[in-house]
Amino acid sequence: MRLPVLDLDKITFYYGDRMVLDRVSLTVFSGDFLGIVGPNGSGKSTLLKIIAGLLRPAAGSVRVFGVERENSRRETRIGYVAQNVTSFNQGFPATVEEIVLAGLTASLGLLRRPGRRERLLVEETLESVGLADLRERLIGELSGGQQQRTFIARALVAEPALLLLDEPTVGVDADAKDKFYELLATLRRERGLTLLMVSHDVGVVAEQVQNIACLNGKLYFHGPPAEFRAEDMLCQAYGSAVRILHHGDH
Amino acid sequence: MTGLFDFWAYTFMQRAYLAGLVVAVLCPTIGIYLVLRRLSMIGEMFAHVSLAGVALGIFTGVYPLATALGFSLGAAAVLETLRRTYRVFTDLAIAIIISAGLSLAVVLIGLSRAFNIDLYSYLFGSVLAISPHDLWLVTAVGLLVVSFSWLFQKELFFIAFDEEAARSSGVAVDLVNLLFVAATALTISVSMRVVGILLVSSLITVPVAAALQLGRSFRITAVLAYIFAGFSVMFGLFVSYHANLAPGGSIVLTAVLIFVLAAGSRKIFPRGGRLHAKNEILRHSENEGLQNHTPAAEDC
């Protein structure tokens with residue numbers, strides 16, 4: 001039987017008085033590729049940040065490998081690649097290698113400096129994302145797709161079991177997008193990585209993932225894409241967005 | 001006949017150079033992270049607060065460097081409280097503390113009824129009047145801050161590049177930030193003895209800004225910043241001795257000149273290194289890209 005990597009139980013979250021997540025429960029099993037879709041403001045990114053330990057839910061629990069997640073404790077089994085990750089200071093004087101090495105900061109712990117073992121890990125990770133030849137390049141000189149892969153490598157170098165990706169293909173051209181999904185497939189195959197990806201692009205996600213979760217404050221659907229009858233679910237989950245579209249038509 | 005390096009015979013010049021060298025190491029150590037995090041104004045903040053500390057020291061007869069240090073550490077605590085407890089934007093919090101520091105300084109200077117020579121020496125720096133006592137303090141603080149930056153280098157780098165990613169991966173961001181602000185306060189308090197309150201934040205930012213024009217990696221940028229700051233202090237002191245110029249001003253003017261040259265060389269050779277890099281990437285994609293079994297470098 002496959003292990004649950006992640007177990008969310010009735011996660012509720014507020015921004016001020018506004019409820020963004022309403023008792024969202026979700027289980028992700030080892031080796032799964034789950035796509036979370038939903039309209040803007042549906043709480044997708046918020047949910048990911050809660051799993052990543054950046055936000056604390058008002059109620060509910062996050063269990064990672066059966067153990068409750070505490071924000072204060074470091075959790076190296078989860079890798080997180082944030083939204084707009086390529087919107088950093090493009091003039092930052094850091095090479096691809098230096099950035100990926102930073103991904104080992106937490107697992108090394110305080111006061112320990114990276115040594116040979118860590119440099120080897122960085123090299124292997126750069127090989128696996130196809131950036132080995134660009135390791136001495138400044139990050140600002142790379143294309144959007146290459147930068148995206150650098151940040152995935154930074155998350156992967158700590159050898160997480162679960163990788164969280166927030167809108168990873170925004171700002172990446174079509175060609176790089178295809179390569180990006182190829183890379184994800186390779187990583188799943190070779191590393192047995194469990195993937196959780198947030199996207200607003202329902203069509204593309206349905207093609208790529210094993211399971212879909214449709215979110216708009218509440219969880220409206222969780223299952224394989226074949227069962228996800230887009231129209232029905234969209235009407236429920238995207239309710240308000242659909243109405244706005246009708247206004248525009250008149 | 002006098003030689004160019006006769007000044008080395010004077011102990012006050014030896015002390016000036018030693019203190020200057022420590023400060024030349026200290027300022028870029030802190031400066032590189034301040035500049036990359038776009039927090040250069042924190043330098044100004046500590047300088048203004050230090051002025052209030054110095055004024056209090058002179059007014060009460062306490063060792064002014066000690067009161068300046070105390071004030072700076074206090075300002076560091078206030079800054080963190082404003083940011084975290086009251087959710088004030090960092091730049092606004094800095095502006096508030098600058099105002100508080102400067103107005104307190106003005107009041108204290110008024111109370112002591114004299115804009116005396118001591119205060120003047122802190123404002124404009126008095127590296128030539130550095131006492132053995134000052135030198136000890138500068139060196140002790142130097143060792144402390146450099147050890148901190150050495151031990152926490154990977155955290156400081158990660159936080160400067162991407163604070164959120166550092167936090168989500170489990171780096172003790174709050175702790176490191178707190179220590180960093182304290183290290184900044186210490187650096188500015190001791191550096192102002194050398195270049196003066198008015199110019200201390202320049203020595204923190206300008207050599208780093210020059211290094212950023214040329215650095216091809218974080219490590220190289222840091223090394224260049226040290227070299228530029230070191231040269232600025234050495235050359236600035238040398239010129240100030242021979243031409244009888246104010247040392248603080250000479251040091252910072254040298255740093256500014258280096259920046260102009262660095263920026264200029266980049267203008268004359270527009271991203272020479274980067275052009276080279278681009279060609280190499282293209283060559284790679286033509287020759288070897290297809291041999292790579294994983295999605296490789298060809299999508300640039």
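This is a predicted model: local features need pLDDT of at least 70, side-chain atom pairs count only at pLDDT 80 or more; totals for chains, interfaces and linings use all residues.
Now colour chain A by domain. Domain 1 (1-77 + 193-250) and domain 2 (78-159) of chain A each put at least three residues into this core.

Zoom in on B:V23. Leaving out residues up to four places away in sequence, B:V23 touches B:V138, B:S191, B:V194, B:L203 and B:V233.

Move to the interface. Here 44 residues of chain A are in contact with 33 residues of chain B. On the chain A side, select helix 2 (96-102), helix 3 (105-108), helix 5 (144-156) and helix 6 (174-191); each supplies at least two residues. Helix 6 of chain A gives the most to that side, with six residues. Colour the chain A side by residue type: 23 are nonpolar, eleven polar and ten charged.

Finish by colouring chain B by pLDDT. The chain B average is 85, and 88% of the residues score at least 70. Where is confidence in chain B lowest, and where highest? Helix 13 (residues 272-287) has the lowest mean, 42, while helix 7 (residues 153-161) has the highest, 96. Select residues 272-300 of chain B: the pLDDT there is below 50, and the stretch has 39 contacts in the model beyond near neighbours in sequence. For the model, ipTM is 0.88 and pTM is 0.86.

Methods: Residues are numbered from 1 along each chain as its sequence is written. Chains are lettered from A and ligands numbered from 1 in the order in which they are written. pLDDT is the predictor's confidence in each residue, from 0 to 100. Helices (H or I, at least four residues) and strands (E, at least two) are DSSP runs, numbered from the N terminus. Two residues are in contact if their C-beta atoms, placed from the backbone, lie within 7 Å. Domain bounds come from an automatic or database domain assignment. Ala, Val, Leu, Ile, Met, Phe, Trp, Tyr, Cys and Pro count as nonpolar, Asp, Glu, Lys and Arg as charged, and the others, Gly among them, as polar.
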